[in-house]
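Please look over the sequence and the structure before reading on.

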Amino acid sequence: MALTREALRRELGEALGRPVSSDTDWAEAFAGRASTPRLQLVALLLIMDVSPQLVNGWRHRSAEDDLIRSLPRKKLPWDAETAAFALRAALAIDAMSYVCAPALRGAETAMDAGHRDAELYEALEASVQHLDGLMSGRFASRYGVDKDLKVARRLRASFLPSGVLDLTVVDDGDEWAERARRLARALPVDDIEPIVRHLAALGHKAPSQTWQRQARQHVQSDAGRRLVREWIRAAAETGVAADGHLFTPSNEDLVRAAVVAARWLSSDDVPAPLLGALARQGAATRPPQTESLALRVATAAIDSLVQREAPADTAELEALLESIARRDLVKRIGTALGSEATARAATRDDDLKREKAAAVRAKANPIPRVLRGEVDRLLRDHVDGTMRGFGFRKSGRTWRRTVEDRVEVVDFFSSGLHMSVHYGVLFPALHPEDGVAIHRDPQRVKPYQLDVSIVESAWFAEEDTLERLAARVRSAIVPFLGACGDRARLAAVLTTGEGIPAAEGVRDPVTGHTETTLHLRTRPFTPGIALGALSCVAGDRLSAQAWLDDADAAVDPLSHPRSKAEIDYWRRRLAATE
């Protein structure tokens, strides 16, 4: 009889000592208690069964989100019944990967432990069919559909009885697939079925000692050696697919497994130049893309050459050290070849770093650099003198000055000739060493790290406009920064907007819009935290208590735990002054 939600609820209720009547009313209590692996699995299955059909799953940092992220990483007692239940739960929400992926991992754990039955096979078959239908979607790879389908197909294939050759593990979508099937069909089924099954079982995982030992046994047969040799040869002769890769994800895993199995074949069966060619091909890129065509295959080819240690293999590694253009693989080869090669690999790495940096500079569009230089010139001519006159110190385009209990910052940003001015204050007292707010260095604070700031985003770099900007620094920006040092005026700015510099004269020449935006460090925008903390530092207990009460009422502790923690910190500081 299939496992049901009601049966799981009864089991969980007995453990918790109270009835479980709704979907997730138990989740928060369960998250804070110790429990057995079986009970953790029951909780995970119940969460899976009521999960929302949303790409991102449960609300971030909710108890349900914490459970469905943490429990699959634990060692749970999966069996065929629980795995089938999890797969059905995933199918009920359109195989969303945040549920489907752990369900498939659970099925794999159950199958590795010997739990296989018709119910689990039917659930895997349904998963394959459903995921295959989703692959036509535009965002299949972004949402993990391709990875889940690859795992589901591999698990389904392992259900077939011994002696039945299943070539559905070879995925269509690249040049290698049809040739690999043709090569497999040309060999005796009974001889190659075990090694095909074994290669497919590796998947995306690192080869374990057990897997490697069994692979070594499989390649002892003539058919096994020939299959591995021909699959590797076909892979080395494969052209780039339409998506810019050599192989589909499933086929890349199969080729990698065959390359790993080549560690126990001689240079006569799989010549070193063949593995070297596959390493070069896999490590190569297809401009303008920067991702390697088949990095995992290239890495496996290098590791196989290292492990075989024949003179021809060592010579091929020496050649790869000088010819391969991927820095992590160069370091890997140098480490394998010894101390002298490690030094050569370091030199080669430095050369590659310089070559790639030069290539990036050569391809860079010069126009942004020219425009930035023009904006810098205009700022030097029209604004820098004003900023220095008020005692600000320059770092790049960011100006800072320390005034009493605060650091005032003005930053000029540009994109093309469009500019924005970001100005505001940091109160170092709001960032104590033992506090919740991140400690900031007053001499290095960035504009986005300020406690209170304003962004004016409608400036345009031209002579007359920059003169107006300098005038605005004198008439509006610097006075506003000074007003932030007065708690009463700061409270008006944060609560009513009174005192924020008017956007007059700041107008985008293209859209005609005027844009001035007030920002507060805390999210959500909660003035009570800053004002309460400043009152606490100033010793104004009544104002501090009132502002912190106001902040407490405005903050949802589940959605914004950091803001809640900061309020609690200042309440403790306030209580300590009694």
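What radius of gyration does the protein chain have, and what would a compact globule of 578 residues have? The protein chain has 32 Å, whereas a compact globule of 578 residues would have a radius of gyration near 25 Å. These values come from a predicted model.

**Overall form**

The C-alpha trace of the protein chain spans about 90 × 70 × 50 Å along its principal axes. The protein chain holds 25 helices and 6 strands. Of its 578 residues, 47% are buried. The accessible surface of the protein chain is about 27,900 Å², and carbon and sulfur atoms hold 52% of that surface. Among contacts in the protein chain with a separation of 6 or more, 67% are between residues 24 or more positions apart.

In soluble globular proteins, nonpolar side chains tend to be buried together. The largest nonpolar core here has 63 residues, and the members that touch the most other members are Trp176, Leu199, Trp231, Ile232 and Val259. Helix H12 (residues 222-236) supplies the largest share of this core, with 8 residues. A second, separate core has 54 residues, including Leu76, Ala83, Tyr98 and Val145.

Which residues does valine 259 touch, leaving out residues up to four places away in sequence? Valine 259 touches Ile232, Leu275, Leu278, Val297, Ala300, Ala301 and Ser304.

**Aromatic pairs**

A search of the whole structure finds 5 aromatic pairs. Two of them are set out below.

| Pair | Centre to centre | Angle between planes | Arrangement |
|---|---|---|---|
| Tryptophan 176 and tryptophan 231 | 5.2 Å | 75 degrees | edge-to-face |
| Tyrosine 423 and phenylalanine 480 | 5.9 Å | 80 degrees | edge-to-face |

Together with Phe247, Trp176 and Trp231 form one aromatic cluster.

Why is the pair of tyrosine 423 and phenylalanine 480 edge-to-face? The planes of the two rings are at 80 degrees, and planes over 60 degrees apart count as edge-to-face. This pair also links distant parts of the chain, with tyrosine 423 in strand S4 (residues 418-426) and phenylalanine 480 in helix H21 (residues 463-483), 57 residues apart. Both tyrosine 423 and phenylalanine 480 are buried.

How values were computed
Residues numbered from 1 in each chain as written. Heavy atoms only, no water. Core = buried A, V, L, I, M, F, W, Y, C linked by side-chain atoms within 4.5 Å. Buried < 20%, exposed > 50% of the residue type's maximum accessible area, 1.4 Å probe, protein only. Helix = DSSP H or I, 4+ residues; strand = E, 2+ residues; numbered from the N terminus. Contact = heavy atoms within 4.5 Å. Phe/Tyr/Trp six-rings, centres within 6.5 Å; stacked < 30°, edge-to-face > 60°. Rg over C-alpha atoms; globule rule 2.2 N^0.38 Å. Areas by Shrake-Rupley, 256 points an atom, 1.4 Å probe, with all protein chains shown as cover.
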